[in-house]
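This report describes selected features of a single structure, shown below.

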Amino acid sequence: MSDSAETPTTFADLDLRPELLRALTSLGYEEPTPIQRESIAPLIAGRDLLGQAATGTGKTAAFALPMLQRLGSEGGAQTAPRGLVLVPTRELAMQVSEAMHKYGRELGSRVLPVYGGQPIFRQLKALQRGVDIVVATPGRALDHIARGSLSLASLDVVVLDEADEMLDMGFAEDIESILGGVREGHQTVLFSATMPKRIVTLAKRHLTDPVRIELAREEARAGEAPKVRQTAYIVNRSHKPATLTRVLDIEEPTAAIVFCRTRAEVDEVTVTLNGRGYRAESLHGGIDQAQRSKVVERLKSGATELVVATDVAARGLDVDSLTHVVNYDVPAAAEAYVHRIGRVGRAGREGVAITFAQPREHRMLKAIERLTKQKISLEQVPTVADLRARRLELTRAALHESILEDDLAPMRVVVEGLAEEFDLMDVALAAVKLAHDASGSTADEEDIPQPPPPSPRGGKEGRGGPGRDRPGKPGGGKPRRGPDGPTTRLFVGAGRAAHVRPQDLVGAITGESPLRGHEIGTIQIHDRFSLVEVPESSADLVVTALRRTTIKGKKPKIRRENAPS
Ligand code: AMP
């Protein structure tokens, strides 16, 4: 993606309606991400678009804003939807529809998520009442089309989001039959993190003269990316605040900037940190210039050690004492990452950059590694045990210093008195414990759950898909090693007789658990049961998650294949 001078740099430059601009301001978005800068204008103009973009780049707003701009005004009178967004999972359907709802609030846009696992009658009622945009998983969209509750005839815009994921999950036929039923002349938008041949073929068949947007191929010039210790943690959103405080405790930065994407998030993180006993200050475009300058001055003088900032507000910030950059969110473009970490490791000092990525965002980390030609090592979030060890180390260091300072004479009388009654070792232990407890305790802390580590795309051989399920005997298979480690098979007490298809199982698993489509192995559908191969490390999580949901409207028995029923 180019970043040329002519490229518009504000949302206002993109000719978005004032209602949408106000929504973006209230969400705290300061400027469009690269994918938004390039997509929004052509999409508003009605062009088809083929975009390569991963989660974390801001791709949802890139297609949602133009869609709302084009369709939003008609809302109210019309009952049949004019926009359809197809997504691979239930989780993404909810996420996209929530985002559209927020952006389109002032326009009164009616957006409905439609996915398997939710009672269909509720969806039927909402569709009857009238919606402008439906965000659906392909299987459930087809269900509604077959029932006549979702009409393709009125659609003006169709978006395929995460198209590669949808094909990986076996939705190719479903997508083809949906796109085949849409009227001529509608707008089609396809976003995909990767561009394998199947996606290019799909695009050729269904997109007309599309604008093509690709990830930057430009490589960083040698020496451009600073030498900084770079690590990343994979954490779910809800665990980010706890992870941040844990990381700050372990790393003990002299001075740090925590980067967030939006003003709202900067404010939230600052409040969280201050609430947990850290002294943090906010820096974003909504804060007046005089106040911003004061924060920067305090950071420079050492009066402030912790600043939470957006990219825009921290631009040009030049503070030599900074030791740490924490990316609370993965930046929307790899170039922004380079700018952020360029703030540490100056003048030959060691700098540290720590990035929090949600499980779905690991692809962004790969894009950054490609650009910087440097490795970001994925690490485990420090555990309570790590934190305890670190705090004990700090207590030890403090005692060491105190002994060297040699100002302990007034304490001698206390130690001598206690030594008459107790062993000297016990006296020392009690004193250390008191000193340690006074510096803060971890007694009430819990370990932060770690989602399964992201695995590289691949391992598709052995994957089930429609018409690709293989025969096999229950209990006949031994656990084997998949491309990403040992796997195990799960028994699902529903099969062909209950009209279960591989994509139903993939949809249920990816919708309910953190597992991605490509991490699921072979799926065998038999008459009365199915077998699904999953990574051993996630098996229990998947069993628990599946027991909470329905498959084809039923709650079949779910267990490890070899476990007693
Ligand atoms: P996506 O790649 O669409 O999944 O978006 C990733 C995250 O970035 C979401 O939490 C969005 O709310 C956020 N986001 C999208 N566009 C912007 C922007 N221009 N400025 C700040 N945050 C954004």
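In helix H6 (residues 138-147), the buried positions are Pro138, Gly139, Arg140, Ala141 and His144. Buried denotes under 20% relative accessible area, exposed over 50%, and partly exposed the range in between, with a 1.4 Å probe and protein chains only. Helices (H or I, at least four residues) and strands (E, at least two) are DSSP runs numbered from the N terminus. Contact here means heavy atoms within 4.5 Å. After H6 comes Gly148, which has a positive phi near 85 degrees.

The model is a predicted one, in which local features require pLDDT of at least 70 and side-chain atom pairs count only at pLDDT 80 or more, while totals for chains, interfaces and linings use all residues. Residues are numbered from 1 along each chain as its sequence is written, and side-chain values use heavy atoms, with hydrogens and water left out.

Arg343 is found in the loop between helix H14 (334-341) and S13. The relative accessible area of Arg343 is 10%, so this residue is classed as buried. Leaving aside residues up to four places away in sequence, Arg343 touches Ile257, Phe259, Ala314, Arg315, Gly316, Leu317, Val319, Leu322 and Val325.

Side chains of opposite charge can pair when their charged atoms come close. A salt bridge is defined as a side-chain nitrogen of Lys or Arg within 4 Å of a carboxyl oxygen of Asp or Glu. The structure contains 32 salt bridges, including those tabulated here.

| Salt bridge | N to O distance |
|---|---|
| Arg17 and Glu19 | 3.5 Å |
| Glu91 and Arg360 | 3.3 Å |
| Arg412 and Glu416 | 3.8 Å |

Glu91 and Arg360 pair through their side chains at 3.3 Å. This pair connects distant parts of the chain, 269 residues apart: Glu91 belongs to helix H4 (residues 90-103), and Arg360 to the loop between strand S13 (351-357) and helix H15 (362-372). Glu91 is partly exposed at 32% relative accessible area, whereas Arg360 is buried at 12%.

Arg412 and Glu416 are four residues apart in helix H17 (residues 412-421), and therefore about one helical turn separates them. Arg412 is exposed, with 56% relative accessibility, and Glu416 is partly exposed, with 46%. Elsewhere, salt bridges with shared partners unite Lys59, Glu91, Asp161, Glu162 and Arg360 in one network. In the remaining tabulated pair, Arg17 is partly exposed at 23% relative accessible area.

The ligand is surrounded by 14 residues, of which the closest are Tyr29, Gly56, Gly58, Thr60 and Arg261. A residue is counted as near when one of its heavy atoms lies within 4 Å. The shell comprises three nonpolar, eight polar and three charged residues. In this grouping Ala, Val, Leu, Ile, Met, Phe, Trp, Tyr, Cys and Pro are nonpolar, Asp, Glu, Lys and Arg are charged, and the others, Gly among them, are polar.

A polar backbone atom of Glu31 lies 2.8 Å from a ligand nitrogen, and one of Gly58 lies 2.7 Å from a ligand oxygen. A backbone N or O atom of Lys59 is 3.3 Å from an oxygen atom of the ligand. Taken alone, the ligand exposes 500 Å², of which the protein buries 80%; these areas come from the Shrake-Rupley method with a 1.4 Å probe.

Terms used: A polar contact is a pair of N or O atoms within 3.5 Å; within protein, one must be able to donate a hydrogen and the other to accept it, and residues adjacent in sequence count only if both atoms are side-chain atoms.
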